[in-house]
Amino acid sequence: ASATHKTTARVPRRELVDINHATAVELKSLPGIQDALAAKIVKNRPYANKTQLLSRGVLSAPAYKKIRALIVAKQ
């Protein structure tokens, strides 16, 4: 078997979820994000950048790692 495929290539192309504007339902489409975390993300808006989910203690490091490639923080 060839190891030329990058693991990121298997992620289906989709719109990035904007943590500053997404609804709670849209946030819950992200892996590992349930009602409580979606509400916490919404409550702590706005974010200057997506790493503020970590620096403000909104998400744990493992939870952030699961979604960081799927999110953006638009102004």
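Of the 75 residues of the chain, 28% count as buried, where buried means under 20% relative accessible area, exposed means over 50% and partly exposed covers what lies in between, with a 1.4 Å probe and protein chains only. The model is predicted, so that local features need pLDDT of at least 70 and side-chain atom pairs count only at pLDDT 80 or more, while totals for chains, interfaces and linings use all residues. Residues are numbered from 1 along each chain as its sequence is written, and side-chain values use heavy atoms, with hydrogens and water left out.

**Overall fold**

The secondary structure comes to four helices and two strands, arranged along the sequence in the pattern β-α-α-α-α-β; helices (H or I, at least four residues) and strands (E, at least two) are DSSP runs, numbered from the N terminus. Among contacts in the chain with a separation of 6 or more, 45% are between residues 24 or more positions apart, a contact being heavy atoms within 4.5 Å. The chain exposes about 5,300 Å², of which carbon and sulfur atoms supply 57%, as computed by the Shrake-Rupley method with a 1.4 Å probe.

**Nonpolar core**

The largest nonpolar core has 18 residues, of which L27, I41, L53 and L59 touch the most other members; such a core is a set of buried Ala, Val, Leu, Ile, Met, Phe, Trp, Tyr and Cys residues joined through side-chain atoms within 4.5 Å. The elements that give two or more residues to this core are α2 (35-43) and α4, and the largest share, three residues, comes from α4. Leaving aside neighbours within four places in sequence, L59 is in contact with I33, L37, I41, L53, L54, Y64 and I67.

**Surroundings of D18**

D18 is found in strand β1 (residues 17-18) and, not counting residues up to four places away in sequence, touches V72, A73 and K74. D18 is buried yet has no salt bridge, which would require a side-chain nitrogen of Lys or Arg within 4 Å of a carboxyl oxygen of Asp or Glu.

| Pair | Relation | Distance |
|---|---|---|
| D18 and K74 | nearest side chain of opposite charge to D18 | 5.3 Å |
| D18 and H21 | polar contact of the side chains | 2.5 Å |
| G57 and N44 | C-alpha atoms | 9.9 Å |

A polar contact is a pair of N or O atoms within 3.5 Å; within protein, one must be able to donate a hydrogen and the other to accept it, and residues adjacent in sequence count only if both atoms are side-chain atoms.

**The loop at G57**

G57 lies in the loop between α3 (52-55) and α4 (61-67) and is partly exposed, with a relative accessible area of 41%.

Notes. Lys and Arg count as positive and Asp and Glu as negative; His and the chain ends are not counted.
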